[in-house]
Amino acid sequence: MEKILTVNNLTKKFGYLTAVKDLSFSIEKGNVYGILGPNGSGKSTTLGIVLNVVNKTSGSFSWFDGNTSTHEALKKVGAIIERPNFYPYMTAVQNLKLVCKIKEVPEDRIEEKLELVGLLERKNSKFKTYSLGMKQRLAIASALLNDPEILILDEPTNGLDPQGIHQIREIIKKIASQGTTILLASHLLDEVEKVCSHVVILRKGKKLYSGRVDGMLASHGFFELKTDDKDKLSAFLNNNASFGEVKEEGDLITAFLKEEMDARTFNKSVFEKGIVLSHLVKRKESLEEQFLTLTKNEAN
């Protein structure tokens with residue numbers, strides 16, 4: 001796959017504080033990447049470094065083929081790393097015309113971008129009349145005016161109400177479906193799980209994990225089970241190499257898989273042992289459960 005951004009052993013120190021520590025990851029074209037971590041984990045600092053607004057202490061990063069200067073590369077990048085800042089008494093169109101002048105791009109894409117973010121009908125309304133969610137959507141339209149190869153968003157849904165959050169996430173998916181690579185920083189697991197294909201997890205500036213969201217712990221999921229013959233089922237599960245932890249809460253048994261197995265195969269094997277299940281559901285561990293396992297293992 002074509003690389004968009006490569007980060008090697010990046011470190012940033014602010015005095016005694018190490019905000020980013022020996023961080024390496026790469027971003028390939030056509031995916032949606034999330035940098036996930038609690039506040040203070042180094043997400044915004046990392047984005048600031050690759051966007052040339054924060055100086056690195058050591059390490060390196062390169063855009064595209066590695067032979068493009070950062071200044072030239074950033075012409076192919078759209079980014080929102082601070083609260084959207086437009087002129088309050090100017091309309092959406094007037095504000096975007098100004099952005100086109102600054103970016104030296106033609107104005108003919110303005111309406112197309114406003115339509116993409118659902119603001120075409122409000123194109124002649126003054127910025128100060130916009131809700132917080134609309135302001136954020138205008139900022140996304142503005143970042144897309146140069147048809148960037150990658151869109152970088154820092155906490156894109158921060159401070160928004162549930163409807164605003166939903167709208168921004170849908171817009172991100174839409175932009176990604178049109179082939180634009182996206183890198184977003186978030187402290188929300190839910191956001192990364194719903195929007196991203198890949199994730200880089202940071203804690204105290206260090207990388208805990210980098211890779212596909214669905215392969216985070218290669219979790220095989222778990223079965224939720226109920227039966228009248230609980231003791232027999234527990235014994236079967238505890239003596240079966242396909243299962244790891246087996247938990248009992250009231251009449252519900254939760255059995256975590258160590259390898260892939262479908263519900264039908266499992267049901268058949270317990271039935272052959274004379275165990276009849278009254279309840280059988282297979283679930284995947286949520287990203288949250290996997291994230292907690294990861295961060296627990298790395299606790300220091």
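Modeller: Gladly, and please keep in mind that this is a predicted model. I would begin with glutamate 72, which has a relative accessible area of 39%.

Colleague: Why is glutamate 72 called partly exposed?

Modeller: Buried means under 20% and exposed means over 50%, and because the 39% of glutamate 72 lies in between, this residue counts as partly exposed. Lysine 75 has a relative accessible area of 48%, and therefore falls into the partly exposed class by the same rule.

Colleague: What makes the contact of lysine 75 with glutamate 72 a salt bridge?

Modeller: The rule asks for a side-chain nitrogen of Lys or Arg within 4 Å of a carboxyl oxygen of Asp or Glu; the closest N and O atoms of lysine 75 and glutamate 72 are 3.1 Å apart, so the pair qualifies. A search of the whole structure finds 16 salt bridges, and in one network of them Arg109, Glu112, Lys113 and Asp147 are linked.

Colleague: What can be said of the pair glutamate 191 and arginine 169?

Modeller: Their side chains meet in a salt bridge, with 3.1 Å from N to O. This pair links distant parts of the chain, since glutamate 191 is in helix H7 (residues 189-195) and arginine 169 is in helix H6 (residues 162-177), 22 residues apart.

Colleague: Why are glutamate 191 and arginine 169 classed as they are for accessibility?

Modeller: Glutamate 191 has a relative accessible area of 1% and arginine 169 one of 10%; both values are under 20%, so both residues are buried.

Colleague: Is proline 156 buried or exposed, and what does it touch?

Modeller: Proline 156 is buried, because its relative accessible area of 2% is under 20%. This proline is found in the loop between strand S6 (150-154) and H6, and, leaving aside residues up to four places away in sequence, proline 156 touches Gln136, Ile168, Ile172, Ala185 and Glu191.

Colleague: Which residues have the most contacts inside the largest nonpolar core?

Modeller: They are Leu138, Ile140 and Ile182, in a core of 45 residues; helix H5 (residues 132-143) supplies the largest share of this core, six residues. A second, separate core of 25 residues includes Ile27, Ile49, Phe61 and Phe64. Isoleucine 182, for its part, touches residues including Asn31, Leu151 and Ile175.

Colleague: How many disulfides are counted, and why is cysteine 100 called buried?

Modeller: The count comes to zero disulfides. Cysteine 100, at 1% relative accessibility, is under the 20% limit and therefore counts as buried, and cysteine 196, at 8%, is buried because that value is also under 20%.

Definitions and conventions. Residues numbered from 1 in each chain as written. Predicted model: local features only at pLDDT ≥ 70, side-chain atom pairs only at ≥ 80, totals over all residues. Heavy atoms only, no water. Buried < 20%, exposed > 50% of the residue type's maximum accessible area, 1.4 Å probe, protein only. Helix = DSSP H or I, 4+ residues; strand = E, 2+ residues; numbered from the N terminus. Core = buried A, V, L, I, M, F, W, Y, C linked by side-chain atoms within 4.5 Å. Contact = heavy atoms within 4.5 Å. Disulfide = S-S within 2.5 Å.
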